Amino acid sequence: MEKFLLMSFLFLAITIILPSTHGLDQSPKGVDKWFKNLPHAKTKMTKLHFYFHDIVTAKSPSAIQIAQANNTFQSPTFFGLVRMMDNPLTVNPEPDSKIIGRAQGIYGSASFEDIGLLMTLNLVFTNGKYNGSTLSILGHNQVFHEYREMPIVGGSGVFRLAKGIATAKTYQVDNTTQNAIVEYHVVVLHY
């Protein structure tokens, strides 16, 4: 009987708590209600700062090559190289710093002229007040420029209908291992 009660409690907790993110009802009816109230909602601006750890060569890499063109390694820009990532996002640049989320997506070398990456990724927040929310980036990243600006094209949870800018700056890179730590400043408008 105890086991039954515990399982019943867990089921209720999961069905009641998990469907919401920060008190938002994510059911179709909840989303409809949210959109109906949208004309009365005020735009909020949120600024975020974190570090993105792109680990290509390690015991446990966070970015793995999934495709390449026949001539990728003859190209000075590695054109056609594609990697899938699940990179940790941390509060500070140190690898053992507190993790606040993951950068999950794909990046690929998409330029014949310079090392320019097509970045398509979700910033998935797993800790803190944005836990369960996401921001989506789709943009061009010229990795050898000091600052790279990429658009925020959407979001979920607290960041529904988000739009904004993610500015990346390389904090540290090892050209031998290709491992990199990138500092991100994000400014996002949402409701």
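**Figure 1. Accessible surface and overall make-up of the chain.** The chain exposes about 11,700 Å², and carbon and sulfur atoms supply 61% of this area; accessible areas come from the Shrake-Rupley method with a 1.4 Å probe, and for residues only the protein chains shown count as cover. This is a predicted model, in which local features need pLDDT of at least 70 and side-chain atom pairs count only at pLDDT 80 or more, while totals for chains, interfaces and linings use all residues. Residues are numbered from 1 along each chain as its sequence is written, and side-chain values use heavy atoms, with hydrogens and water left out. Two helices and 11 strands are present, in the sequence order α-β-β-α-β-β-β-β-β-β-β-β-β. Helices (H or I, at least four residues) and strands (E, at least two) are DSSP runs numbered from the N terminus. Of the 191 residues, 37% are buried (buried: under 20% relative accessible area; exposed: over 50%; partly exposed: in between; 1.4 Å probe, protein chains only). Among contacts (heavy atoms within 4.5 Å) between residues at least 6 apart in sequence, 49% join residues at least 24 apart.

**Figure 2. Aromatic pairs around phenylalanine 125.** Rings of Phe, Tyr and Trp (its six-membered ring) pair if their centres lie within 6.5 Å; planes under 30 degrees apart count as stacked, over 60 as edge-to-face and the rest as tilted. The chain has 10 aromatic pairs by this rule. One of them is edge-to-face and joins phenylalanine 50 to phenylalanine 125, at 6.4 Å centre to centre and 75 degrees between the planes. This pair links distant parts of the chain, with phenylalanine 50 in strand β3 (residues 44-54) and phenylalanine 125 in strand β7 (residues 116-125), 75 residues apart. Phenylalanine 125 also forms a tilted pair with phenylalanine 159, at 6.0 Å centre to centre and 55 degrees between the planes. Here the partners are 34 residues apart, phenylalanine 159 lying in the loop between β9 (148-156) and β10 (163-173). Phenylalanine 125 counts as buried because its relative accessibility is 3%; for phenylalanine 159, also buried, the value is 0%. Phe50, Phe52, Phe125, Tyr130, Phe159 and Tyr184 form one aromatic cluster.

**Figure 3. Arginine 160 over the face of tryptophan 34.** The distance from the ring centre is 5.0 Å. A charge sits over a ring if NZ of Lys or CZ of Arg is within 6 Å of the ring centre and within 35 degrees of the ring normal.

Figure 4. Glycine 101 counts as buried because its relative accessibility is 0%. Leaving out residues up to four places away in sequence, glycine 101 touches Asn87, Pro88, Leu89, Val124, Phe125 and Thr126.

**Figure 5. Threonine 77 in the loop between β4 (63-67) and β5 (82-90).** Threonine 77 has 4% relative accessibility and therefore counts as buried. Neighbours within four places in sequence aside, its contacts are Ser109, Ser111, Phe112, Glu113, Asp114 and Ile115.

**Figure 6. A nonpolar surface patch made by Ile64, Ile66, Met84 and Ile106.** The patch covers about 330 Å². Patches are made of residues with over 30% relative accessible area and no salt bridge, with like charges joined within 9 Å and nonpolar side chains (Val, Leu, Ile, Met, Phe, Trp, Tyr) within 5 Å. A salt bridge is a side-chain nitrogen of Lys or Arg within 4 Å of a carboxyl oxygen of Asp or Glu. Isoleucine 66, in strand β4, is partly exposed, with a relative accessible area of 48%.
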